[in-house]
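Please keep the sequence and the structure in view while reading.

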Amino acid sequence: MALPRRLLPLFLRRGGRLPSSPAPTPTRALSTAALPADALAAEEEDDSITIKGVRISGRPLYLDMQATTPVDPRVLDAMLPFYLSRYGNPHSRTHLYGWESDAAVEEARARVARLIGADPREIFFTSGATECNNIAVKGVMHFYRDRRRHVITTQTEHKCVLDSCRYLQQEGFEVTYLPVRPDGLIDVAQLADAIRPDTGLVSVMAVNNEIGVVQPLEEIGRICREKGVPFHTDAAQALGKIPIDVNQMGIGLMSLSAHKIYGPKGVGALYLRRRPRIRVEPQMSGGGQERGIRSGTVPTPIVVGFGAACEIAAKEMDYDERRVSALQQRLLDGIRSKVDDVVINGSMEHRYAGNLNLSFAYVEGESLLMGLKEVAVSSGSACTSASLEPSYVLRALGVDEDMAHTSIRFGIGRFTTEEEVDRATELTVHQVLKLREMSPLYEMAKAGIDIKSIQWSQH
């Protein structure tokens, strides 16, 4: 029986195989995916996995949505034709293959623009938000280097923004790193005071990737507009999660990423305002694609996927927000009902609900992570998780080093289920209580001893 091409991804994901395919090795189905749990194939009894020296019973629950999200099947459906039959180079101007790919790219550009209230001519496709941040921070300052020598950003920005600012410092530019309050928000009055006549850019992340705090974009944009300074925001974690209107918020440049909104990896977009026009110096030399801002062949399939993901997000943002908020509250209530001394990092009032960053006192963070092998969570940004140092974001909030080491970030998304949240709650509570049973510090704290007042001697 011939299988319709549209159903091929779903067929393969459910464990189906084509007649010419060899019999697959039995594996456990994904626990978090775009398929209902009752549609997954029956699992083998011995389905354990060993990877990087760690043995786990099967694929863990996925609660790390700030690191990346699964591709929505509707996005995959939109992409497949551009891999299989409509594979032309969008820059080929002499035949149908190029014309149809170019039309698909422009439609995707329009969909990205609609989600943020922009003109499609203000959208430039890149490889992702990191490249966008580099173009925005370095590109603006290099273009206006004769008149503008000062940048303002925050201490809790993504590492690529901070590293771009340090790069500019090595070139002789000055950078002001604004502190944040204990709730993770900046003081807008402090921002206004920091702007100088030679300030060329203000860069503040929309939604923080580690703690989920939503900065007051509209206030920041108003201040920047009044002072005549371009406002850049890294909105990789905000796109499709919170309403964004670049005109209402006074945003001049914005960095976007597809794989944070159930789109493919490897594609992002830079929003660059046309009126009043903001100029940047390109960071890559080449054929002049994307109107010279970002040279290189535009990858049609994943750009189409990005556009499809934006269109879905525009339609389902309100529903997703309500559902994710309910799951976040379920997770938080479940943990707090059985575990004491749990601290929420970052503001709860000004926060994207899909990001819940918790610190568990008297528990060593790495031990907790290793004990949660059945749950895919992280202790901070995926871009800095290789470091053993405590999160610089949490330290900027004033979190003590020992508490910063105990933080866990739970990322909830579109395809997370109540059953997964309940299982994650159960496993987290079990592991925290287990580690505290072995912790002399916890015993001392329960006995009323002020641990911070103890002077530990070295032997």
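## Helices H4 and H9

Helix H4 and helix H9 pack at an angle of about 30°, with their axes 8 Å apart; here an axis is a line fitted to C-alpha atoms, for helices over the stretch in contact, and angles run from 0 to 180 degrees between N-to-C directions. Helices (H or I, at least four residues) and strands (E, at least two) are DSSP runs, numbered from the N terminus. The crossing of H4 and H9 is left-handed, a term used if the near helix is turned anticlockwise from the far one by less than a right angle, with right-handed meaning clockwise.

On the H4 side, the contact (heavy atoms within 4.5 Å) is made by Ser101, Ala104, Val105, Ala108, Arg111, Val112 and Leu115. On the H9 side, the residues include Thr300, Val303, Phe306, Gly307, Glu311 and Met317. Sorted by class, this contact of H4 with H9 has 13 nonpolar, three polar and two charged residues, where Ala, Val, Leu, Ile, Met, Phe, Trp, Tyr, Cys and Pro count as nonpolar, Asp, Glu, Lys and Arg as charged, and the others, Gly among them, as polar.

This is a predicted model, in which local features need pLDDT of at least 70 and side-chain atom pairs count only at pLDDT 80 or more, while totals for chains, interfaces and linings use all residues. Residues are numbered from 1 along each chain as its sequence is written, and side-chain values use heavy atoms, with hydrogens and water left out.

## Helices H5 and H6

Two packed helices are described by the angle between their axes and the distance between the axes. For helix H5 (residues 129-143) and helix H6 (residues 159-170), the axes come within 9 Å and cross at roughly 25°. H5 and H6 are therefore roughly parallel to each other, since angles under 35 degrees count as roughly parallel, over 145 as roughly antiparallel, 65 to 115 as roughly perpendicular and the rest as oblique. The crossing of H5 and H6 is right-handed.

Where they meet, H5 contributes Thr130, Asn133, Asn134, Val137, Lys138, Met141 and His142, and H6 contributes Cys160, Val161, Ser164, Cys165, Tyr167 and Leu168. By class, the contact of H5 with H6 has seven nonpolar, five polar and one charged residues.

## A closer look at H6

Which residues of H6 are buried? They are Cys160, Val161, Leu162, Ser164, Cys165 and Leu168, where buried means under 20% relative accessible area, exposed over 50%, and partly exposed in between (1.4 Å probe, protein chains only).

The cover over these buried residues of H6 includes H5, strand E5 (150-154), strand E6 (174-178), strand E7 (199-203) and helix H11 (392-396). Just after H6, glycine 172 takes a positive phi of about 105°.

## Residues in loops

Alanine 118 is placed in the loop between helix H4 (96-116) and strand E4 (123-126), and it counts as buried at 17% relative accessibility. Its C-alpha atom is separated by 8.0 Å from that of tyrosine 271, although the two are 153 residues apart along the chain.

Tyrosine 262, in the loop between strand E9 (253-257) and E10, has a positive phi of about 70° although it is not a glycine, and at 5% relative accessibility tyrosine 262 counts as buried. Tyrosine 362 lies in the loop between strand E12 (355-360) and helix H10 (365-371); its phi is near 70°, and it is partly exposed, with a relative accessible area of 29%. The peptide bond from arginine 275 to proline 276 is cis, with omega near -10°.

## The chain as a whole

The protein has 14 helices and 14 strands, and buried residues make up 52% of its 459 residues. Among contacts between residues at least 6 apart in sequence, 72% join residues at least 24 apart.
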